[in-house]
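Please keep the sequence and the model open while reading the numbered points.

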Amino acid sequence: MTFSEIVKELNRRIKESDSILQNLQSERSEKKGLKRVSSKFFNDREDILNQEYTFHYGGGDEFQFNIGKEPEYEGEPVFRFGLAFNFQASQSVPDPIGVQQKQIERFNELVKKYPAYLSENAFWIWTAQGRTESHEVGKIQEPDIKLGNFLFIGNSIAKVPNEITEDDIELIIDELEYLYPVYEYVQLGLYSAIRLEKIARICFNSEGWVKPSGTKGKSKTANTHEAKYGFGHEEWLFDFSKLIKGYHYASLEPIHKYRDKYTNEVFNIHLYTINGTTKKRYWIGELRDVEVIDYDHTKKAIAEYKKNGWYKEMEEQLNDLGIPTNFLNKWADDILFNVRFKPENAHIFEENIEVEANDNAIPSARYNLLNYKGLPKELEEYHDEPDFGPSSENYGIPKFAESSKRVSGPRISEIPHIHYRITEGLYKYLKKEGYKVEYERKVNISSKVDMIAWEEKKATFFEIKTYPSTKACIREALGQILEYSLYPSDNKAYKLVIVSQNRSAGPDQKYIRHLRESLNLNLEYWGFDYEKNEIIEIIK
């Protein structure tokens with residue numbers, strides 16, 4: 001590819017994918033009050049491309065995304081991609097240092113506050129005398145801030161443009177996506193943009209963390225909340241039937257211990273649990289963009305819970321387990337809620353992954369917020385497997401028959417309240433669209449489909465699932481909805497629709513499309529907002 005072709009391909013892939021880089025121009029527009037912005041990511045003006053470098057549209061006087069071919073360095077070609085401060089004056093930007101002074105301060109603040117975030121990136125400078133050596137990213141020093149200098153933060157490939165491959169294009173996009181929060185922080189002043197990767201232990205729960213599950217599997221350590229009171233901070237962590245303006249409010253014990261330190265921080269938090277009886281460890285998944293809220297937010301959320309009857313419901317759930325409800329009252333004002341996040345940012349395994357006790361992914365059994373080191377070996381091996389095929393493992397005779405009962409780890413559960421609300425909301429939506437609607441309709445002697453929408457004699461079957469994982473919703477619904485339509489040898493439905501409250505992720509969308517194409521199914525996935533009674537997405 002020529003340099004121009006690389007830029008064209010990058011612009012195309014960013015525009016046609018769900019890349020976070022798509023947000024660049026809209027965020028710039030909102031922050032700077034711009035009326036017109038480009039639909040392209042990189043500037044594709046011919047006079048710039050002819051020099052074999054470019055930067056994002058509108059980035060001439062900004063902390064800019066920048067890619068380009070550089071002269072050979074230490075005998076190797078250099079194709080750079082990352083972020084840059086360009087202090088080279090031009091007719092349109094005669095004082096580049098002056099207009100970027102605030103950004104320089106923010107960059108130094110970011111490096112001080114999050115020293116590990118750019119640890120995998122390199123830093124070098126182009127001066128009038130040439131290029132400096134690459135070194136670790138650090139604070140920008142006063143001698144570096146000089147008219148004519150070009151400061152680069154990012155990575156490079158030892159290739160010239162015509163050697164760049166399709167895989168290299170993906171690598172470049174991945175790197176720019178990783179650096180996007182740095183741009184938001186430095187250029188736009190969005191201080192919550194940097195998401196710190198953490199790992200946290202949560203209490204054991206056999207009800208999918210949608211309600212308390214009792215003392216079974218809880219920690220026996222005397223000073224833990226669950227040992228003292230019979231329930232943990234995270235019992236309601238995935239009860240997404242209770243939302244306040246799109247956010248789920250919850251509590252994490254590792255946050256509570258150092259709340260004043262973490263208030264207003266934003267984390268990506270990987271979750272694990274330990275069965276206090278068997279001592280087995282389980283990897284649960286990840287919560288992204290978790291905001292640590294202040295005490296004022298806690299009080300307002302509790303008031304909303306009491307107003308909606310949700311607090312009383314929590315008390316009743318504890319009462320059903322023989323746990324005094326005053327334990328919740330004693331706990332409420334301080335730590336009932338210390339975080340909030342959006343349900344679509346919960347990426348949870350429908351069956352939790354058992355992790356070996358010596359796996360470094362879980363460095364401690366204590367309830368502390370720890371730095372994330374990587375996925376457990378079990379998951380790393382899966383991600384590293386290039387193609388599906390016979391494994392090298394020698395399988396012996398299975399021993400399951402020796403035990404009358406298979407013991408598995410905790411798994412996620414459906415949320416009944418959401419099922420009822422989606423059923424009611426979907427009914428209203430379909431009626432408004434002009435369909436004849438039936439629900440809980442018998443389709444054979446022992447099976448009922450959640451909902452049918454009739455368009456004359458053409459039936460669309462709807463199966464509603466409310467697991468906090470889109471993949472789990474699809475898995476649990478698919479067999480049922482196929483049976484309802486096809487068993488024993490029929491074609492009752494013209495179209496099959498799986499419905500949940502979740503937004504789908506990229507792999508979920510690929511799966512639905514793969515099912516449609518490979519099995520020739522008229523199948524769709526609908527994300528449904530039961531607060532607004534409207535569809536938030538249709539995947540087909």
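This is a predicted model: local features need pLDDT of at least 70, side-chain atom pairs count only at pLDDT 80 or more; totals for chains, interfaces and linings use all residues.

1. Helices (H or I, at least four residues) and strands (E, at least two) are DSSP runs, numbered from the N terminus. Residues are numbered from 1 along each chain as its sequence is written, and side-chain values use heavy atoms, with hydrogens and water left out.

2. What does the side chain of Asn 444 reach? It comes to the backbone nitrogen of Ser 447 at 3.0 Å, where a polar contact is a pair of N or O atoms within 3.5 Å; within protein, one must be able to donate a hydrogen and the other to accept it, and residues adjacent in sequence count only if both atoms are side-chain atoms. Once neighbours within four places in sequence are left aside, Asn 444 is in contact (heavy atoms within 4.5 Å) with Glu 483 and Tyr 487.

3. Strand β15 belongs to an open sheet of 6 strands, ordered β15-β16-β17-β18-β19-β20 with mixed pairing; two strands pair if DSSP finds at least two bridges between them. The edge strands, each pairing on one side only, are β15 (436-444) and β20 (534-539). From one strand to the next the twist averages 35°, with axes taken as lines fitted to C-alpha atoms, for helices over the stretch in contact, and angles running from 0 to 180 degrees between N-to-C directions.

4. Strand β19 (residues 523-529) runs antiparallel to β20 and is joined to it by 5 bridges, and Tyr 525 stands opposite Ile 539 in β20. Helix α15 (residues 470-486) packs on the sheet, where it touches β15, β16 (447-455), β17 (458-464), β18 (495-500) and β19, and its direction makes about 150° with that of β18. Helix α16 (residues 506-519), for its part, lies across β19 and β20 and runs at about 150° to β19.

5. Which strands accompany β10? Strand β8 (residues 196-202) runs parallel to β10 and is joined to it by 7 bridges, with Lys 198 opposite Ile 269. Strand β11 (residues 281-292) pairs with β10 in the antiparallel sense over 8 bridges, and Trp 283 in β11 is the bridge partner of Tyr 272. β10 and β11 form a hairpin with 6 residues between them, and Lys 279 in the turn has a positive phi of about 70°.7. Finally, Trp 124 and Phe 152 are both buried, and Phe 41, Phe 42, Phe 65, Tyr 180 and Tyr 183 form one aromatic cluster; rings of Phe, Tyr and Trp (its six-membered ring) pair if their centres lie within 6.5 Å, planes under 30 degrees apart counting as stacked, over 60 as edge-to-face and the rest as tilted.

Definitions and conventions:
Buried means under 20% relative accessible area, exposed over 50%, partly exposed in between (1.4 Å probe, protein chains only).
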